[in-house]
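Biologist: I should be grateful for an introduction to this structure, taken one point at a time.

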Amino acid sequence: MAAAAASASSPATACFLSPLPPPRRPRHFLRHLARAAATKPAPAPGWPWARLRRLRELVPAEAAGRLLSSAAGSLIVALASASLVLGDAGAASAFVVSTPRKLQADELSTVRLFQENTPSVVYITNLAVRQDAFTLDVLEVPQGSGSGFVWDKSGHIVTNFHVIRGASDLRVTLADQSVYEAQVVGFDQDKDVAVLRIKAPKDKLRPIPVGVSADLLVGQKVYAIGNPFGLDHTLTTGVISGLRREISSAATGRPIQDVIQTDAAINPGNSGGPLLDSSGNLIGVNTAIYSPSGASSGVGFSIPVDTVGGIVDQLIKFGKVTRPILGIKFAPDQSVEQLGLSGVLVLDAPPNGPAGQAGLQSTKRDPNGRLILGDIITSVNGTKVTNGSDLYRILDQCKVGETVTVEVLRGDHKEKIPVVLEPKADES
């Protein structure tokens, strides 16, 4: 075997192998090689007899016989390797067959989806100003990161509000690793959506294809692209586990309705990234997970694109979202339930707000310190209100300046009060 290995590494062996025609079967090739090495062939013009004699010295007849029975595979590998290294490349291809990787149709579509949409996904770094305790130097240090995606050729980037919250500076890294400073165009804390803008060449901006979320079905495949834990462009797959879920905004606690639930892994750093359907169209923005440990537990939530699209359009045009409000502060739902009541208890209705101007009464105390309950809102425009989420859901379907009929329980009787909705104050 040592002789066989040595011959495989010698130039003589490589040159000897190159003129041989490709064998149909390995054992035929070995038998031919052993016969040539063990016996002296008849003279023939042009045949490299000096090299053949050298090979016969290195591989005697007995050794060739043993190779045929015990080390056939090893000899093929050694000789083919020598041919690859020292011999003619065309002849070596006769012994080495490279089989192309074969993928199933669904695998090919997933690979294509990732390759086509990755250029649209960006990495966002949230920087905060910190002062060094020893040198007193003011430094910008990363305090968080997340994902986002290119909305249009004008450089608008869509992400979650909680990704950029508290930032003194923002950096956006495109798929080609180019980094740009980002300016905040606007944000909506209630729906956890923010829009940034970068000054990048248009040929580097690849807007993501926008789909619709109104016709989604439980069970259809979805794909999430993002930068979990700071890793560069990761793809996770899953299905839609549920529709019309409701979660609370991390900033204001206001409920976000019609949220998509998916089992596609969403980890820290995925926030703000796109959720795609099997056609590669945007159907949601990954925003939250349900997990006691903080890692993905197979219960992720995405804001539907139908909700995000309207918010983004307002933020780009006006820099803010004009959402109507009643202008009240209400008690927690648990407090109302403890009183054995159903509805929204008004704690405060400022006189300059819509509800205060319409005459809704706040909760107060009498001169003896006893609590006097304010109005309890039981319905708006004929739609029953049992808690704060119901009230928010109704107001989300209304417009600024619209007059709504608020039915309240005041003492032991009910009253209907018209209220003109006003826009929410600007957020700083």
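Modeller: A polar contact is a pair of N or O atoms within 3.5 Å; within protein, one must be able to donate a hydrogen and the other to accept it, and residues adjacent in sequence count only if both atoms are side-chain atoms. This is a predicted model, in which local features need pLDDT of at least 70 and side-chain atom pairs count only at pLDDT 80 or more, while totals for chains, interfaces and linings use all residues. Residues are numbered from 1 along each chain as its sequence is written, and side-chain values use heavy atoms, with hydrogens and water left out.

Biologist: At the start of α13, which backbone nitrogen does a side-chain oxygen of N387 reach?

Modeller: Helix α13 covers residues 388-396; helices (H or I, at least four residues) and strands (E, at least two) are DSSP runs, numbered from the N terminus. At the start of α13, the side-chain oxygen of N387 comes to within 3.2 Å of the backbone nitrogen of S389.

Biologist: Is N117 buried or exposed?

Modeller: N117 belongs to helix α8 (residues 105-117), and its side chain reaches the backbone oxygen of L113 at 2.9 Å. Buried means under 20% relative accessible area, exposed over 50%, and partly exposed in between (1.4 Å probe, protein chains only). Because its relative accessibility is 4%, N117 is buried.

Biologist: Is K202 buried or exposed?

Modeller: K202 sits in the loop between β6 (193-198) and β7 (221-226). Its C-alpha atom is 5.7 Å from that of K153, 49 residues apart along the chain. With a relative accessible area of 57%, K202 is therefore exposed.

Biologist: How far apart are the end C-alpha atoms of helix α10?

Modeller: Helix α10 has 14 residues (305-318). The expected span of a helix is 1.5 Å times one less than its number of residues. That rule gives 20 Å for α10, in agreement with the distance between its end C-alpha atoms, 20 Å.

Biologist: Which element gives the most to the lining of the largest pocket?

Modeller: A pocket is an open set of points on a 1 Å grid over the protein atoms alone, where a 1.4 Å probe fits, with protein on both sides within 12 Å along at least five of seven lines; lining residues have an atom within 4 Å of a point. Of its 19 lining residues, the closest to the centre are K191, T307, R323, D396 and Q397. The largest contribution to the lining, 4 residues, comes from α10.
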